[in-house]
Each structure stands twice: as C-alpha cells, then as structure tokens.
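Subject: Structure handover

Hello,

Please find the structure below, with my notes after it. Have a look at the coordinates first, then read on.

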Amino acid sequence: MQPARTSPLRPLLGLFLGLAGLGIILGGRVSTGDQTADALTDTSQDVLTLAFSVLIESLPFIILGITLSILVQIWLPDQLLFRILPKNAFGRRAVISMLGMFLPVCECGNVPLARGLVSKGYTVSDSMTFLLAAPILNPVTIITTHQAFGFDDGILVARLIGGFLIANLLGWLFSLHPQPMSLLTPAFEKSCAVVPSGIQPTKVQRSVDLFVRESSVLMPALIIGSLVAGLIQVGVSRDTLVQLGSDPLWSVVAMMILAFVISICANVDAFFILPFATTFLPGSIAAFLILGPIIDIKMLALLRTTYRTGTLIQISTVVVLMTAAIGTAVNLVA
Amino acid sequence: MRNLQYWRGVVLIGAISGLILVFWLSGQLSFYIHPRYNLFTVVMTSIAVVLSLMAVVISSKVRKKTMAPVLDHGDHGQDHNHDHDDNDGVEIPTNSLGRVAAVSAAVVSAIALVALVILPPATLSTVTVENRAINRASLGDIQGAFASAQSGEEATFLAFTVREWAGILRQTQDPAFYQGKPVDVVGFVVADRDNPGTFFVTRFVVSCCAVDAQPVGVPVYEPGFEQQFAPESWVRVVGEFVINPDPSSSHPLVLRPFEIIPTEQPRDPYLF
C-alpha cells in the first residue's frame, strides 16, 4: 500500500469546491423562488410533492441513524454492546429488541444502525431482530402513538406486542439458517470483511468516512423509494381504500396496503393515521402501525442495500401474515 | 465507477439537506411537513451539511490511507478479479446487472435533485383532492368547534376556518343554528361534480406531512362560478349558511356568499 501524499492545500480546495457546489445548488433554488411550475401537469406535480414530502420527512431520521451508527461503530467501546446481552439466544434477542429504547431511531434510521451492528460483530439474525423491533419499541414511537391514541382499543399495546413478537420470530427463524452471511448482499458482506490497515486515521476521520459510505448506499435507495411511493399514492385511490374501513378483514388488508404505500417513518406515523381512526376498525389501525415500520416501499429499497431479494421476500411474507393475524384478532376482540 | 459510488451519497445528502434549510428559511418547508418537525429537521440537516463539507475536505485523504485489502479472498462470484484487489470498503455491486442498477439509481437520484433545485415547491392539487375525497376523514376537534359556535361570539366565527365549519356542519344541519353567524373563510375552488352550481372552498389538513393531507371544505352555492374562478384558484368567501336553494342537491345547507374575493395563496396553504 502506498502512503497517501496530499498537498496541504488540498483540504482547502476541497472545502472551496464543496462550498461552491452547495452555493450553486442553493442559488439555483433561490433564483427560481416563488415561480409556479406551469411546465408540469397537476398529476406529475403531485407525484413530486408527495415524493419530496416522504423524502424530507425521512431524511432527518436517516441522518440521525447514520450519526448513531457512527457513534456505535467508532466511538463506543467494542464490548459494550455485547456485555449487556444474555448468553441464551432467546433472551439475547429479547434484550436486543429493547435496544431501541436507548437508540430512538425510526426504521429508515435503523438500517444504517443495524448495518453498523453487523460490522461490529452482531450476527445477522440478532441485527435483524434489532432492525425490526427498534422502530416500534422505542420511546419516541411509544410517546407519539400514546399521544394519538392513548390506550384506546388496545392499539398501542397491540403495536408493542406485535412488533416484539414479529421481530423475535423472524430473528429466531433466520438464526436457524446454516449460512447467515449469505442472507446479505455480496457488496455489504464484502464491506463487512474490510479490516483497518496499519496506518490508523483519527476517530473524526473515520467518522466522516463512514458518513460518506453510509450516505452513498442509503441516499439513492431513499430517493427511489420516495419517488415510487409518490407515484403509487397518486395512482391508488385513497378513497377506495377508506371505503373498506368497516370490514374486520378487508379493513386490515386496506390498512396494510396503505402502510406499504405511504412509506412514512414509525416515529410520526401515529399522527398520519389518526384522521382515519374514526372510519377504520382498531385492529386495522394496529396493523398499519405494526406493518409500516417493518415493510414499506421506501424500506424495501433501503433494506435491499443490505439483504438479498430472497431474504426480503421471506421477511415480508412472515410480517404480512403475522400482522394480518394480529390485526384481525384485535378487530374481533375490540 | 468507484468514485461515483463513493461520492454520490455525500453530494445527495449535502445538497438535499442544504435545500431543506432553504425551504425552511423561505417558509416553504410547511409545503412538505408539519411545522412541529421543523426544529428536528433543521438540526439534523445542519449536521448533514457540516459532515458533507468535512467529507470533501478530509475524506478522500482518509479513504486512501485507511483501508487495507480484504483478508478473506473467498468466493465472491464472477468478479473475483475486479474489486477486492483494491477493496477500500466502498460497496460496489458484484455483477454487471448490479452495476447498471447502481448507475441508474445515481442517475434517477441526480434527476430528483435537479427537480428539487429548479422546480419551485408546490402544494398538492385537485388531483389529490379527487384521490382522497373531501371531508371523508376525521375533522379534528368537532365537539370543541361546535361548543365554541354555540357561544355566539362574532370574533369566534370569524376565526373559524373551513375545517371548523365542516365539522360543525357534520354536527348539525339545523338552519336556525347558523342564522346570524358570519362565515369568512379562505380556500381554493374545487367544483362539486355531483351538484352543478356548487363548489367547495377547500383546504388540505396536514397532521404529519403532505402525504397525509386530507381535503376539507364547505359547499358554496354560486351558479356560474366556473366563469369567474378557475379551478384551484384561491378565494376568500364571506357569507352565511342557508337552506340550499337547489332542492335536488345532496347538501341540505350551503354557504351563500355575500362576496367572493380572489386572493393569493396563504403563506401556510395547509391547515395544521
């Protein structure tokens, strides 16, 4: 390996180029100011507005997730995240499901965090348990869901228990896999195998480098997921979905489709669904709140950065069946 | 390929975060998300802008010196000779289809970024109104609005938006209740397809972000409105609720306008 030779002026040139690039982009935005976008039809304009809404709503959580991932991978002592775990596999996964209480990130932020846990040495199934449980079993989601629904109709309780059960079931199922690393995409599997060389950069340098790598993987996935979500929302009539709201089974199916399509984060989705609470049965609201944090269009795009397509089909199948069962049960009981 | 793959994320996250800060400064962030998330959004995107600038200053240097070749030269498929000889941790797809997908993703992302830069932020249109149906969802604190309406204070009525009036209309259709209660609301024009001569003065109500925007409105009886007001044009309607002069209409009560004044889109077009 060649030692790096860089001119002392290079960082300044980099900063200049970065600021200039940012200036051009922001200047372009400001110069078009309040003009109206007459060039677009209403339909394409609404697709973009909805897509950008998903993007702008999710991006801060992605940034929070990457930041926490950097903290976990670079700044926390190596053994800290292992010391607190029980030896027994079921106990270990149960404790991992609760890690979200200390790392309050929604599902899209949890993708970089779960990737960080695998890089740190967690097994694939353990990190998957975290990835699926943490968006629901975390304080922000619990508080916002409670603000929206209180303890009415068991919606909050069903959400918490449902999230815990599904995450632990999937964690257990995938722990039975003979070659768990083969569940990951080859590119991610390979990046986990990278080891540091003899020339160690500072922690700040490694943090910035990790920020670049994670954003490189996640940003295109987030943007494409948001665009597809925007397209489908204009294409699928919300009105038709809402009309299914009073049937015990169809209301659950309709809400699961809605959760899949709208692709918003678990920390805020309770407010999203609140206006539907009067027209939909409680079990279907619970199904929305359980499925959305685990599987949706944007999340599949993000998960595809890490897991193979086959793995995602298996996860989706189990999650959809479990959510439908829990939602229908709540409808019948409530 | 490696440079594209390495730098695409930081360009996207830095630029989009910067744009979000511009939206916030220009008051247009509320076109996309509820204002309760503004602080969190501004703090996180500011962090992303700072990290992105730090990245262009130090990251290429770090990237060159930090990562050694992978120790495990195991089975990575057909591209055995391509990437791992200089693996620096950049996630490069391992087959040609994957590479095409990666380049396409970068291109689509770049187009989305350009669209965010050059197209002005816009609120949702009647396409979304038709997709979601007016007044179908919950109208918020109907009981509270109804209780306030019973107090009889004129200032209270004038402060009501279309959401409060739509809620009160859902609560009672007694024409006597509305006598002497002035209505002064702002919204955009959406023709009522089922009832000719009637339009809804409409607003979107947002509880989280534009994705959940629900159209709410009150019916205004004004035959021939199509000649005066274009669809989606913003108007201020001053009037009173009365028994619908059109007996064949599905609305028992309608807003009879004293005047309809064309107006600018409000700074906050959505109701929160």
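A residue is called buried here if its relative accessible area is under 20%, exposed if over 50%, and partly exposed in between. A:Ser125 has a relative accessibility of 7%, so A:Ser125 counts as buried. Please keep in mind that this is a predicted model.

A:Ser125 belongs to helix α6 of chain A, residues 124–133. Its contacts, once neighbours within four places in sequence are set aside, are with A:Gly171, A:Phe174 and A:Ser175.

A:Gly310 sits in helix α16 of chain A, which covers residues 309–333. With a relative accessible area of 37%, A:Gly310 is partly exposed. Between A:Gly310 and A:Leu184 there are 9.8 Å from C-alpha to C-alpha, although the two are 126 residues apart in sequence.

Which residues make the nonpolar surface patch of about 420 Å²? They are A:Leu71, A:Trp75 and A:Val204 from chain A, with B:Val50 and B:Met54 from chain B. A:Trp75, one of the patch residues, is placed in helix α2 of chain A. The relative accessible area of A:Trp75 is 40%, which makes this residue partly exposed.

Chain B, overall

Chain B contains nine helices and five strands. Along the sequence their order is α-α-α-α-α-α-α-α-β-β-β-α-β-β. Of the 272 residues in chain B, 57% are buried. The accessible surface of chain B is about 11400 Å², and carbon and sulfur atoms account for 58% of that surface. Taking the contacts in chain B between residues at least 6 apart in sequence, 66% are between residues at least 24 apart.

Chain B, strands

The pairings I looked at are as follows.

- β2(B), residues 198–205, runs antiparallel to β3(B), and eight bridges join the two. Within this pair, B:Phe200 has B:Pro219 of β3(B) as its bridge partner.
- β1(B), residues 183–191, is joined to β4(B) by six bridges, again in antiparallel fashion. Here B:Val186 is opposite B:Arg236 of β4(B).
- β4(B) is also joined to β5(B), residues 253–262, by nine bridges, and these two strands run antiparallel. B:Val235 has B:Pro262 of β5(B) as its bridge partner.

β4(B) therefore pairs with both β1(B) and β5(B), given that two strands pair if there are at least two bridges between them.

How many residues of β3(B) are buried? Seven of the eight residues in this strand, which spans 214–221, are buried, and the strand is mostly covered. β4(B) is mostly covered as well, with eight of its 10 residues buried. As a general point, side chains in a regular strand alternate between the two faces of the sheet.

One backbone angle

Where in chain B is B:Glu232? B:Glu232 lies in the loop between α9 (225–228) and β4 (234–243). Its phi is near 75°, a positive value in a residue that is not glycine. Is B:Glu232 buried, exposed or partly exposed? At 24% relative accessible area, B:Glu232 is partly exposed.

Regards

Key
Residues numbered from 1 in each chain as written. Chains lettered and ligands numbered in written order. Predicted model: local features only at pLDDT ≥ 70, side-chain atom pairs only at ≥ 80, totals over all residues. Heavy atoms only, no water. Helix = DSSP H or I, 4+ residues; strand = E, 2+ residues; numbered from the N terminus. Buried < 20%, exposed > 50% of the residue type's maximum accessible area, 1.4 Å probe, protein only. Contact = heavy atoms within 4.5 Å. Areas by Shrake-Rupley, 256 points an atom, 1.4 Å probe, with all protein chains shown as cover. Patch = residues over 30% accessible without salt bridge, like charges linked within 9 Å, V, L, I, M, F, W, Y side chains within 5 Å. Salt bridge = Lys/Arg side-chain N within 4 Å of Asp/Glu carboxyl O.
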